[in-house]
Amino acid sequence: MAAENLDKIVSLCKRRGFIFPSSEIYGGLQGVFDYGPLGVELKNNLKRLWWKHNVYERDDMEGIETALLTNRYVLRYSGHEKGFADPLIDNRTTKKRYRFDHLLRDQTPEVRLTLAQGFDVTDSEDYESVALALLDEPTRAEAALKAAKVIDPEDGKPGDWTEPRAFNLVFKTQVGPVADSESFAYLRPETAQGMFVNFKNVLTSTNRKLPFGIAQQGKSFRNEITPRNFIFRVRELEQMEIEYFVLPGEDEAAHEAWIQDHLTWWVEKVGLKRENLALFEHTKLSHYSKRTVDILYKYPTLGFDELEGIANRTDWDLGSHSKEQDSLGLSANTAEKAMRNEHSTEKLTYFDQPNNRHVVPYVVEPAAGVDRGVLAALCEAYDEETLENGEVRVVLRLPPALAPIKVAVLPLAKNKPEIVAKSKEIKKMIQASGDIRSVYDDTAGIGKLYRRQDEAGTPLCVTVDYDTLGQSRDGGTELVDTVTVRHRDTMHQDRVAISDLLTYIQAHIR
Ligand code: GAP
């Protein structure tokens, strides 16, 4: 049985050491989480799979790692200083704060209709448009919210609402010893900008020709108004993003190709069922986007929600970060709406040799959340299986490539020194063979150890017993130097010669 709600996943993550609330012994820090011993392995495995697919297995990609501390002008000209804001509202009675559009989404259709009519919004079910209309007239909005009896989900009663207002999500931090209004930098809210501002560096240092892309994985920071749903919406997040640069005119086909490629990747490599994924075509586009399609995953409790966004950002980004924009032949939208850049020292252009012209490339951007990927992988893999004896075992059916531990070596008797020594020797041998993460565990009886490894998603358990030592009860020695290998998903057991063990393991964890 799959997890019917997120609480099951949260509880497994804490119990088995995947994910913990950050700074927990001091009461935690809202929207911030730590990855435990199993979590860090799972997360690294997901990132490794992504990097292999998007960088190593292609011939048109370069990897990069840019700084988290970001020059203020990067975020000025990217538009984040002005535009990276969510609407928020407070209830004076409950002291609860909400994302305003989410508050409207959670009202009855009648309440939304009353508000929409008061602000000339035709589609009252389009809660984002209703929120935008009210944000434009905050004072009138405050009265309208009261009159419409907008309910606070906290206590189910009409709230005493403040004016709704926009709240910028970018974190600022002081740089250097003097705290004045000028000595600050931003913590990046996305990994993307580091790739745009390094476009020329990568282009010239690698001699790339279009089309080519830059990939980056790493932390980003967003001061989310209401971080919630475990690691789904956090303030310190990790992203895996690609900026794929193409000649104008080649953008639409490249966009479609990335959508299909990544949809397939989530299914084939991460193991998400196709029916648990959906494509969402944005109808309301960001100012920079020509087309955006989200890949949604059906998270328990949340339903379908965003896992990855794939946008055609045209020449917006490279155009915005360039000097002398008027000379660049930018697309009409970018030329009209991008801020005049007074600080950049570069024109982020590409010399299109066959046509003997300088162009500002268009960008296609597949942008996924690592934490949301980890959460999707955990939700998909979680299974409660009722065994023949009525016992329920929790098993994480992760693809072996994602499993934090590939092989657990377990001694049948921990008080038998030869069995313990042989088990540790086998664990060392497996680990020495490369990056097959293996562990030795003798802290419980064999049944309990199997259950623990099932919950951790370990595909194989190797058990060393008396037969391995040639000390079988019936005096037979035919099983000497063999071990039992138990499979997580089927609980099927094979007897394998130690000399064949590595080959056997490699064949079963691919
Ligand atoms: N450069 C484009 C960009 O950052 P985005 O849709 O804001 O686009 C990309 O973010 C992905 O990052 C999302 O699809 C989501 O998976 C993840 N993400 C964004 N905000 C997040 C948050 N607060 N917590 C966890 N993941 C988040």
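Two cavities of 30 Å³ or more were counted in this predicted model, in which local features require pLDDT of at least 70 and side-chain atom pairs pLDDT 80 or more, while totals for chains, interfaces and linings use all residues. Residues are numbered from 1 along each chain as its sequence is written, and side-chain values use heavy atoms, without hydrogens and water. A cavity is a set of points, on a 1 Å grid over the protein atoms alone, where a 1.4 Å probe fits but cannot get out; lining residues have an atom within 4 Å of a point. Points are joined across faces, edges and corners, and a volume is the space filled by probe spheres set on them.

The largest cavity has a volume of about 60 Å³. Its lining includes Phe33, Tyr35, Glu236, Leu237 and Glu238, and β13 supplies the largest share, three residues. Strands are DSSP runs (E, at least two residues) and helices likewise (H or I, at least four), numbered from the N terminus. The second largest cavity, of about 40 Å³, is lined by Leu49, Lys52, His53, Glu57, Trp265 and Lys269; helix α2 (residues 37–56) gives the most to this lining, with three residues.

The ligand is surrounded by 20 residues, the closest being Glu190, Arg222, Glu224, Glu241 and Glu306, where a surrounding residue has a heavy atom within 4 Å of the molecule. Polar contacts are pairs of N or O atoms within 3.5 Å; within protein, one must be able to donate a hydrogen and the other to accept it, and residues adjacent in sequence count only if both atoms are side-chain atoms. A side-chain N or O atom of Arg222 lies 2.8 Å from a ligand oxygen. β16 contributes the most to the shell around the ligand, with five residues.

How values were computed:
1 Å grid on protein atoms, 1.4 Å probe; cavity = no way out; pocket = protein on both sides within 12 Å on 5 of 7 lines; lining within 4 Å.
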